[in-house]
Amino acid sequence: MNHTKNKPSLLNSIVIVATALLAFNCGDVKKQKALNSNTNLSGQTLPNDIIPFFEHWNLILGDGSNVGQATDYENKDFFYTAEDDNGDWVVFKSPNAGSTHGSSNNTRTELAQLKKWTPMTEAKMNATLKVMNVSNTGDPRVAATYSVVVGQIHSADGHENEPLKIFYKKFPGHTKGSVFWHYEINTAGDDNSKRWDYSYPIWGHDFSVVSEDENSYPPEPKDGIALGEEFSYEVDIKDGMMYLTFTSEGHETKTFTKNLIASEYTNRSTIPEQVQNLFFPIGQNGVEREKAYSGEGLFFKLGTYNQTNGKDPKVNKVWCSGAETHGGDLQKQYSDGNYAEVWFKDAKITISDDAYSNAGYFEANDGLSTKTVYPNEVIPFMDKFKILTGDGTTVEDITEFEDKDFFYTVIDGTRRWVVYKTPNSGVTSKNSSNTRTELHEKREWTPEDGGKLTGTCKVMQVSTSGDARVAASYSVVIGQIHSGEGHENEPLKIFYKKFPSHTKGSVFWNYEINTAGDDNAGRWDYSTPVWGYDMSVIGTSKNEAPTEPVDGIELGEEFSYEINVYKGIMYLTFKSDKHETKTFTKNLIQSDYVNKTDIPVQTQQMFVPIGQDGTERPNAYKGELGYFKQGAYNQTNGKSYETNKVWCAGAETYGGDIAKQYENGCFTEVWFREATVGPGTPPN
């Protein structure tokens with residue numbers, strides 16, 4: 001990144017200029033003049049009277065609506081005028097939560113340019129503004145908390161990434177905030193989930209400066225900008241280069257240059273340390289296409305793009321703020337500071353004759369936040385499954401199915417996920433005590449035939465209620481092989497488990513024997529740890545957990561599994577960015593447990609005391625038809641500990657009231673972003 005003092009000259013273009021009529025002085029705000037209707041009333045000042053360039057933009061409001069060109073428009077909740085000793089201002093205001101635009105988690109009251117242009121086209125945007133409010137709630141460990149974007153360049157093509165975002169951020173305990181700008185890479189390849197931003201400080205800190213814990217703030221920036229303090233920016237595009245200039249009275253003028261058509265980040269070795277520290281831990285570690293944004297249609301945005309939201313930080317520890325939203329109640333958010341508000345007194349754009357229509361962007365993104373996106377659109381293999389949801393409903397065709405209580409899609413700030421959610425108590429299948437929102441493969445196959453199932457997921461919630469002495473408490477099965485014949489046992493269950501007092505949980509897998517003879521009461525599982533503990537590690541009393549696993553997986557931490565059954569052998573692979581890859585092999589057609597002397601010590605300690613001490617048929621699951629299952633099979637239930645000290649968790653169920661269970665953490669929730677199913681393949 002090079003600093004420059006040279007400003008590129010402009011070609012003949014249409015220049016739209018708007019300036020405030022009153023002279024500048026340093027007086028405090030004396031009066032805000034909010035208008036009281038959404039129509040032009042005679043004698044009142046509308047935003048276009050102050051900055052007469054709104055015919056060149058669509059206006060997106062904090063309720064997600066696109067109101068078009070705001071030439072004769074104001075809205076008392078989001079977009080209106082105000083007055084102070086320095087003159088008239090246009091106010092852009094947006095809450096922490098509401099409906100938004102496109103695929104974002106964040107609300108905005110923001111202009112979006114009607115025409116787009118390539119980086120080789122001349123384009124220019126100037127603005128003079130002051131930030132009047134940023135949210136006063138949120139998690140200070142999350143980089144986006146307490147911030148607002150006041151200007152940006154957005155791509156209308158490809159990944160629709162953002163080569164420029166200009167931020168203001170101020171922690172609640174500080175007087176001064178920071179101004180910084182971001183460059184977001186135009187990710188190489190089709191998968192944009194690994195995109196990241198690099199942040200440049202202007203005045204104060206950059207984006208990466210966060211708190212070490214949720215109850216403190218980092219040091220206040222010495223050269224920061226206070227709320228209500230005026231500053232200006234200029235964005236100038238020419239011949240593939242972006243020139244930035246930032247000015248504010250009493251602060252050093254800052255200039256930057258960035259190449260938009262030749263990337264600095266085409267190899268992992270060129271990724272900055274800041275990015276490695278901030279984005280790599282959440283799996284955003286991509287590289288950029290060599291020509292960056294060359295050839296893509298770009299456009300300006302200006303206003304208030306609130307970066308603080310109510311999403312749980314465990315969803316995304318960079319972008320999900322965990323702020324107060326009052327359930328989306330707009331006036332409650334406004335009444336106690338849970339919003340962003342920016343005032344503009346002057347703005348200009350230069351539009352080249354080579355600019356062309358941006359209608360396609362609005363057609364693709366208008367209403368997208370309220371559009372139903374079915375799980376099959378995210379993971380397009382749902383035609384191969386049926387589903388059982390947490391209320392006992394079976395749905396055979398799920399290609400155009402969702403249920404907001406159990407099975408739906410969400411955006412985590414990076415990409416869409418399929419959500420599987422189920423309570424501790426509800427209605428379940430005939431052979432189980434546990435509820436599930438789980439896919440059931442329609443095809444059946446024998447171990448000799450084989451099959452393969454993959455999944456990339458993160459567990460967002462396990463029950464916070466249960467008995468720590470019970471092995472199944474606080475756990476969920478996220479993938480399995482189930483037999484459809486004989487005893488209908490399960491040669492594979494993949495678990496995630498986390499005790500309530502721990503930060504890290506365990507991933508382990510269980511093999512359940514295919515019990516010899518007609519009596520299946522003696523069946524048992526053998527548990528193998530992947531990361532953290534196996535199933536047998538339990539608490540010493542109902543409320544006392546064992547020591548936290550050192551190499552465990554946190555809630556919200558992504559990992560993947562592959563189940564590959566080929567010619568009777570099961571091959572398992574588990575991967576996670578911050579953990580060692582683990583592989584396992586298990587023979588499904590020849591048993592290791594045909595004699596009592598073969599029963600493992602773990603089983604003798606966990607299952608034999610409750611009378612489950614059977615042996616397995618010599619051929620194990622040979623010849624039996626089975627099928628894959630994937631989703632959230634909750635292993636925590638309300639049954640008494642005395643009934644079965646391995647499987648009966650004694651958890652809170654609120655009499656089966658699903659809404660109350662969801663309100664009080666008595667449920668499990670698993671998100672998948674990728675999954676495949678098909679025939680088994682020869683192992684690597």
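These questions and answers look at salt bridges in the predicted model above.

The model is predicted, so that local features need pLDDT of at least 70 and side-chain atom pairs count only at pLDDT 80 or more, while totals for chains, interfaces and linings use all residues. Residues are numbered from 1 along each chain as its sequence is written, and side-chain values use heavy atoms, with hydrogens and water left out.

Me: How many salt bridges does the rule count?
Reply: A salt bridge is a side-chain nitrogen of Lys or Arg within 4 Å of a carboxyl oxygen of Asp or Glu. By this rule, the count comes to 32 salt bridges.

Me: Is D139 buried or exposed?
Reply: The side chains of D139 and R141 meet in a salt bridge, with 2.7 Å from N to O. Buried means under 20% relative accessible area, exposed over 50%, and partly exposed in between (1.4 Å probe, protein chains only). R141, at 37% relative accessibility, counts as partly exposed. D139 has a relative accessible area of 8%, and therefore D139 is buried.
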